[in-house]
Amino acid sequence: MLTDSFLRSASPGEYRDDGVPGLSIRCGVRKKTWYFVFRAGGRIVRKNLGSFPDVKLRDARKAARIEAGIILADPERKSMASITIDEVWERWRVDKGEAKRSALKDEQLWRIHIEPRFGGEMLAKIPKFSIEKMKAEMQGTPVAFNRARALMTTLFNYANIRLGTGCFNSPQAVEKYPETPRDVFLTSEEASSFFRELDSPRTADNARDLIYMTLHSGMRPGEVMALRWADVDMAHGVIAIPAERAKGRREMITPITRKMAEILEKRIGDDRTFVFKNRQTANTGKNKAEGHVTSFRKALLGVCRRAGVREIHPHDLRRTYGMWLLNAGASMEDVSAALHHSSITVTQKVYAKILPERLREGAEKIAQIIEKSKLNQSSGESGISSVDSRRER
């Protein structure tokens with residue numbers, strides 16, 4: 001990152017700014033000139049923004065953003081002072097939000113938590129106190145508040161950077177509720193009664209298929225629910241979710257197990273687009289899901305209650321898949337690849353908690369081997385000492 005102090009003593013050459021793509025400074029022996037390269041009207045434009053130190057780094061970045069249309073110039077900026085949060089929401093949703101994988105969740109947060117409280121209010125008139133009041137009202141649903149706060153922070157940032165409103169980001173000034181990561185998974189002791197109830201006639205076919213597909217694939221519940229027939233390659237036995245619809249914008253390849261193949265073959269012909277069609281909303285255009293199932297949490301909780309096991313949420317099924325892989329002897333690298341994590345660090349954060357228990361089990365096995373060897377020695381049988389003696393020979 002460039003700094004004013006660095007530029008004062010910079011050697012001759014051209015330096016790019018990491019803060020604003022396209023912004024660079026050419027340092028000569030006598031003069032240091034700012035340039036901004038951007039695309040306008042289908043052509044590449046190179047704009048001279050002045051010389052350093054008359055134009056400092058901060059001023060050059062602001063000028064570059066104005067040239068690119070990212071923020072507004074001062075006269076237009078003043079006219080944006082009265083913009084409402086509803087207007088920012090609509091602009092952001094069209095510009096950014098509709099392309100997000102979480103578009104449906106964002107809309108739910110807006111409709112349920114943000115719009116009823118702040119709809120119609122000017123962005124500049126939403127103080128920190130109002131966000132703190134919202135936090136107090138939502139103390140029973142801390143995670144929902146954290147998500148709503150994050151969305152509001154995004155809207156304020158968008159208004160400030162893209163629209164140049166310069167409003168104080170009051171949501172960001174309020175601390176979010178601490179969250180305790182869930183480490184719940186289906187244990188081997190619970191599995192027997194869980195699967196017995198899952199296979200019973202009391203469980204709806206749609207819910208049963210969704211649960212089995214998630215457990216067998218390790219895919220995220222949202223990926224299973226939104227699975228398209230175009231993603232399914234039965235001939236090669238894989239599910240391939242393209243990068244534009246996958247988390248992290250990387251193609252996801254998941255092998256199809258025998259159970260998954262049975263479920264898919266049974267559902268062929270049910271819908272041309274989605275494997276799990278939402279019959280209630282498919283023809284109404286009521287949501288952004290375009291006709292696929294959007295939740296099976298209630299059905300999963302019903303299975304847990306009837307089976308007499310603790311509550312398992314849909315994402316816990318994915319966590320169970322990872323846990324069972326580890327217990328089967330898979331390495332952390334293999335689990336990370338199977339779950340399509342962005343890095344093994346993500347996997348370790350989720351599953352490192354179970355490693356001490358596995359290490360303890362391993363230590364107990366070693367202790368048993370040692371004790372057994374000691375007994376063998378006392379009885380004259382071969383043990384550790386005989387192994388050592390063979391190595392010496």
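Start by selecting His 340: at 16% relative accessibility, this residue counts as buried (buried means under 20% relative accessible area, exposed over 50%, partly exposed in between, with a 1.4 Å probe and protein chains only). His 340 sits in the loop between helix H15 (332-338) and helix H16 (344-351). Helices here are DSSP runs of H or I with at least four residues, strands are runs of E with at least two, and both are numbered from the N terminus. Look at the backbone too: phi of His 340 is near 60°, a positive value in a residue other than glycine.

Before moving on, know that this is a predicted model, where local features need pLDDT of at least 70, side-chain atom pairs count only at pLDDT 80 or more, and totals for chains, interfaces and linings use all residues. Residues are numbered from 1 along each chain as its sequence is written, and side-chain values use heavy atoms, with hydrogens and water left out.

**Zoom out**

Show the whole chain. How many helices and strands does the secondary structure come to? There are 18 helices and seven strands. Of the 393 residues in the chain, 40% are buried. The chain exposes about 23100 Å², and carbon and sulfur atoms supply 51% of that (accessible areas come from the Shrake-Rupley method with a 1.4 Å probe; for residues, only the protein chains shown count as cover).

**Helix H14**

Now select residues 314-327, which make up helix H14. At 1.5 Å a residue, its 14 residues should span 20 Å, and the end C-alpha atoms are 20 Å apart, which agrees. The expected span is 1.5 Å times one less than the number of residues. Is H14 enclosed or open? Ten of its 14 residues are buried, so H14 is largely enclosed by the rest of the structure. Among the buried ones are Pro 314, Asp 316, Tyr 321 and Leu 326. Step past the helix to Gly 329, which follows H14 and has a positive phi, near 105°.

Go to strand S1 (residues 13-16) and its antiparallel partner S2, paired over four bridges (two strands pair if DSSP finds at least two bridges between them). Select Glu 14 and you'll find Arg 26 in S2 standing opposite. Six residues lie between the strands of this hairpin, where Gly 22 takes a positive phi near 100°. Strand S2 (residues 23-27) is mostly covered, with four of its five residues buried.

**A cis bond**

Next, pick Phe 52 and Pro 53. A cis peptide bond joins this pair, with omega about 15°. Pro 53 belongs to the loop between strand S4 (43-52) and helix H2 (57-68).

**Met 152**

Select Met 152 in helix H7 (residues 142-161). Met 152 is buried, with a relative accessible area of 1%. Which residues does Met 152 contact, leaving aside neighbours within four places in sequence? Show Ile 85, Ile 114, Phe 118, Ile 131, Met 134 and Pro 171 to see them; contact means heavy atoms within 4.5 Å.

**Two crossing helices**

Two packed helices are described by the angle between their axes and the distance between the axes. For the side chains, show residues including Tyr 212 and Met 213 in H10, and Ile 263 and Leu 264 in H12, which are part of where the helices meet.

**The open sheet**

Select S5, S6 and S7. These three strands form an open sheet in the order S5-S6-S7, with antiparallel pairing. Strand S5 (232-233) and strand S7 (252-255) stand at the edges with a single partner strand each, so one side of each is left without a neighbour in the sheet. S5 pairs with strand S6 (residues 238-241) over two bridges, and Val 232 stands opposite Ile 239 in S6.

**Last stop: Arg 306**

Finish in helix H13 (residues 297-307), where you'll find Arg 306. Buried or partly exposed? At 40% relative accessibility, Arg 306 counts as partly exposed. Not counting residues up to four places away in sequence, Arg 306 touches Glu 197, Arg 202 and Thr 203. Arg 306 and Glu 197 are 109 residues apart in sequence but 6.9 Å apart in space, C-alpha to C-alpha.
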